[in-house]
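Hi everyone, thanks for having me. Let's have a look at a protein together, going from the whole chain down to one residue.

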Amino acid sequence: MAASTSAGGFRVVAAGAGAESPGSGDVPEGEQPAPPGDLRSVLVTSVLSLEPLDLDLFRGRHYWVPVTRRLFGGQIVGQALVAAAKAVSEDVHAHSLHCYFVRAGDPTVPVLYQVERTRTGKSFSVRSVKAIQHGKPILICQASFQQSQESPVQHQFTMPTVPPPEELLTQEELIQKYLQDPNLVEKHRLGLNKILAQEVPVEIKPVNPPEILCQLPQEPKQLFWVRARGYIGECDMKLHCCVAAYISDYAFLGTALLPHRQHPVKFMVSLDHSMWFHAPFRADHWMLYECESPWAGGCRGLVHGRLWRRDGVLAVTCAQEGVIRVKQSPAESKL
């Protein structure tokens with residue numbers, strides 16, 4: 001019988017136990033199973049591990065804080081889904097969530113997560129979560145869970161054809177490559193070194209990385225391989241959904257800025273975030289994140305995203321709108 005541990009309240013099969021995740025099959029090419037005793041992903045052991053305070057009341061702490069000194073939106077969404085998942089039975093899976101960011105998160109204090117058991121039905125159950133700091137909500141989330149059901153009505157888009165992650169450089173390797181340029185302006189060098197110094201628990205390999213200092217407009221689309229750093233292993237699928245919620249917010253809204261790189265950004269923050277979970281996946285295995293922005297205007301930008309498993313299965317769909325304020329060039333003189 002496989003040994004198991006508990007990660008954030010979810011059942012996890014121990015590394016090397018040999019259990020198989022639903023829908024994941026054998027370890028994919030390029031994905032190595034963790035050796036015995038390997039440290040688990042910090043997303044499981046720290047970021048998404050909530051402290052229970054009372055019935056349906058939890059406290060979450062922070063691991064990585066962006067340079068903006070605001071809480072990372074993906075962390076709050078992921079922790080909110082963890083709290084919601086703790087208030088449902090083990091035999092249901094997360095199929096969607098819809099969140100509104102209503103206040104900026106304070107990185108100096110923990111976040112409280114208050115769950116309301118809105119509805120428990122035969123097929124679907126809804127949980128509402130408030131993320132609270134200083135007595136006020138910073139995020140409102142509704143998550144829906146479903147009993148597994150078979151249906152002959154099935155279809156999906158086709159996964160884009162891209163090079164495998166083994167043939168691509170990580171974001172850190174790309175930055176190191178840029179830093180070797182002797183003509184790099186010092187302020188850009190400082191900025192890149194600051195990015196390298198961040199302990200982001202997400203690993204990224206861009207498919208067609210843009211020239212990082214180029215200001216030419218680009219199509220509002222980007223593709224990159226993404227996975228959680230470290231080992232998560234076989235566990236309740238709801239935990240992998242929580243990790244994907246964290247991952248999905250990373251570099252997502254920036255897709256809307258690609259056609260407008262000539263404008264320096266003054267302020268950019270997420271307004272809302274939605275996700276739909278379609279098929280089982282491993283968040284610690286490489287998935288292709290396909291991002292596009294169909295519209296921007298009125299100081300807002302809209303982005304859509306799809307997370308693909310390596311075998312071409314569409315695992316997750318995401319959508320987000322955010323505020324984008326840029327520094328505009330002075331208006332031409334009317335004289």
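So, what does the secondary structure come to? The protein chain has 5 helices and 14 strands. Please keep in mind that this is a predicted model.

Let's stay with the whole chain for a moment. It has 335 residues, and 46% of them count as buried. The accessible surface comes to about 17400 Å², and carbon and sulfur atoms account for 53% of that. Now think about who touches whom: if we take contacts between residues at least 6 apart in sequence, 72% of them join residues at least 24 apart.

Next, please find helix H2, residues 73-85. How many of the residues of H2 are buried? The count is 13 of 13, so H2 is mostly covered, taking buried to be under 20% relative accessible area.

Finally, let's zoom in on Leu314. You'll find Leu314 in strand S14, which covers residues 314-326. Is Leu314 buried or exposed? Its relative accessibility is 11%, and therefore Leu314 counts as buried. Which residues is Leu314 in contact with, leaving aside its neighbours within four places in sequence? They are Gln156, His278, Ala279, Arg306, Leu307 and Trp308.

Key
Residues are numbered from 1 along each chain as its sequence is written. This is a predicted model: local features need pLDDT of at least 70, side-chain atom pairs count only at pLDDT 80 or more; totals for chains, interfaces and linings use all residues. Side-chain values use heavy atoms; hydrogens and water are left out. Buried means under 20% relative accessible area, exposed over 50%, partly exposed in between (1.4 Å probe, protein chains only). Helices (H or I, at least four residues) and strands (E, at least two) are DSSP runs, numbered from the N terminus. Contact means heavy atoms within 4.5 Å. Accessible areas come from the Shrake-Rupley method with a 1.4 Å probe; for residues, only the protein chains shown count as cover.
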